Amino acid sequence: MRENAEPAPRVAAVRVDWEIAKRGWRRYAAYPWATAAGVFTNTVFGFLQAYILLAVYRHRTNVGGYDAHDAVTYVWLAQSLIMTVYIFGWTELSQRIRDGSIATDLSRPLDPQRYWLAFDLGRAPYHLIFRGLLPFVVGGLVFRLHYPRPLDVLLFVVSVALAVVVSLGVRFLYNLPAFWLLDIRGVLILAVAANLFFSGMIVPIAFFPHWLGDVARLLPFASALQTPVDVWLGQSHPWQLVLQVAWAVVLLGAGRLVLRRATRKLVVQGG
Amino acid sequence: VADGIAVWRRLVAAQVRSQLQYRLSFALELVGVFTIAFLDFLAVLVIFHNTPRLAEWSVQEVAFLYALSSISFAFTDLAIGHLDLFPQLIRDGNFDILLVRPRGTLLQVAASDFQLRRLGKAAQGAVVLVYALAALHVHWTVARVVVLIVSIPAGVLIFASVWIVFACVAFWAVDSGEFTNAFTYGGNFLAQYPIDIYGAWLRRFLAYLVPLAFVCYFPALFVLGKPDPLGLPHVLQFLSPAVALAALSAAVAAWRVAVRHYRSAGG
């Protein structure tokens, strides 16, 4: 009667991941009005940025390979992906480190990094659909946008998924200093500023001076936003996706390493 | 009113003293905020890397708009930026505590969290302003100096009014925090660029109805002696202080109405 025995451990682990991911989705699905407010704000910023970039195209027809439609599409895609790839500060992990809850997390038979990755991969589709779709549709009603070929849509979804993993890798890393610092606000401000600028969120990387653009494209922040957008625009090179995979592996690996270092000497204050 | 200002000053002074207790930590934060704020301006420079003019505006002229808006916004943020956390006060039912005290609720909320480090942003705006003025060769007259100086407090009042009005939404919808951001942070972003580049309907709503064009666009036209690309009446360039006072009255009225509708979460 071996068939009725416990499922294989690996299957059980994936099942746990799935349950965690569902909770990631539900956490945000629980506040529909917050989602609506966010959609409104992303849409307003989309309009502002679109008009600013269009003003550049009164004197130019092409900037760094983008025509006016590409640039406006860029703006709306970036606003639509802003929550999916979580550009702004994420402090859940550092708060758990600060208040000592991390000790409970570490005593569970779950790897904390794997937990947050599963949680985030459940969260991201919610934000892609409910925070991303509407601003893009509104943008598409007012401006002429670039729409991708069917194959690029598929590649876009893959690239967004990779972008989420890279983004989590970055966020996980900038939360870990909380093991050593009482207040990571300084680290957080720096990380978010670098993320906003070098991801191309404020101005597309195509608008950067060449040398700065070359540097920015190699950084992980570009893998979290610029790459999926380039895929959508049909302007990506295969190496950009390879770079996404590479950053995902490197950042998650670095996160594990730092976490192991930190927990070796963990002393929980109270709790 | 005088009594209210005295109370506010005492509350704020106490917070400033406490923040100055850790001098090094405070200095580092100030420098951090100052430095990070330049990334924002870097975006303006990146845009002008691709074009000599944004519509009919040069980089120095946009820097001037950027500086005026940033300075006004930084002072607003300093005084009432913590309205960002206001929905939390409603959600927890802690607004009740303010209601039982013998002072106005708006005054108490305004005085509750004064973060001196936000001055770093104003300092960054001032540096950009100096750069813009040095590069622009403004033909100074008494009137231009007055309009420039008055535009800062007027801008602060306009931004503050916008912040208060949209924070009021939290009395009805607790999850409205991000909605407010569209008008506060979005408002600063809008005002940093010349408003003639925006679509007409957006301009009507966000620049005139929400009077963000009076923060720096109209005063800047006068100071720079620049013909209005939109061809609007000249008199608008002097109306910022009046608009600011009107906006503030509207904001205070909106706040009163909202407080009357407050139903406690039972904190």
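Read along the sequence, chain A runs α-α-α-α-α-α-α-α-α-α-α-α. That pattern holds twelve helices and zero strands. Helices (H or I, at least four residues) and strands (E, at least two) are DSSP runs, numbered from the N terminus. This is a predicted model, in which local features need pLDDT of at least 70, side-chain atom pairs count only at pLDDT 80 or more, and totals for chains, interfaces and linings use all residues. Residues are numbered from 1 along each chain as its sequence is written, chains are lettered from A and ligands numbered from 1 in the order in which they are written, and side-chain values use heavy atoms, with hydrogens and water left out.

Start with the overall form of chain A. Its C-alpha atoms fill a box of roughly 65 × 50 × 40 Å along the principal axes. Buried residues make up 52% of the 271 residues in chain A. Buried means under 20% relative accessible area, exposed over 50%, and partly exposed in between (1.4 Å probe, protein chains only). Contact means heavy atoms within 4.5 Å. Of the contacts in chain A with a separation of 6 or more, 79% link residues 24 or more positions apart.

Now look at one residue of chain A. A:Asp70 sits in helix H3 (residues 68-81). A:Asp70 is buried yet has no salt bridge. A salt bridge needs a side-chain nitrogen of Lys or Arg within 4 Å of a carboxyl oxygen of Asp or Glu. The nearest side chain of opposite charge, A:Arg144, is 8.6 Å away. Lys and Arg count as positive, Asp and Glu as negative; His and the chain ends are not counted. What A:Asp70 does have is a side-chain contact with A:Gln235, a polar one at 3.2 Å. Leaving aside neighbours within four places in sequence, A:Asp70 is in contact with A:Gly65, A:His146, A:Leu233 and A:Gln235.

Turn to chain B and its backbone. Most residues other than glycine have a negative phi. B:Ala55 has a positive phi, near 55°. B:Ala55 lies in the loop between strand S1 (53-54) and strand S2 (57-58). B:Ala55 is buried, at 2% relative accessible area. B:His137 also has a positive phi, of about 50°. Its loop joins helix H7 (119-136) and helix H8 (142-167). B:His137 counts as exposed, at 64% relative accessibility.

Methods: Polar contact = N/O pair within 3.5 Å; in protein donor to acceptor, adjacent residues only side chain to side chain.
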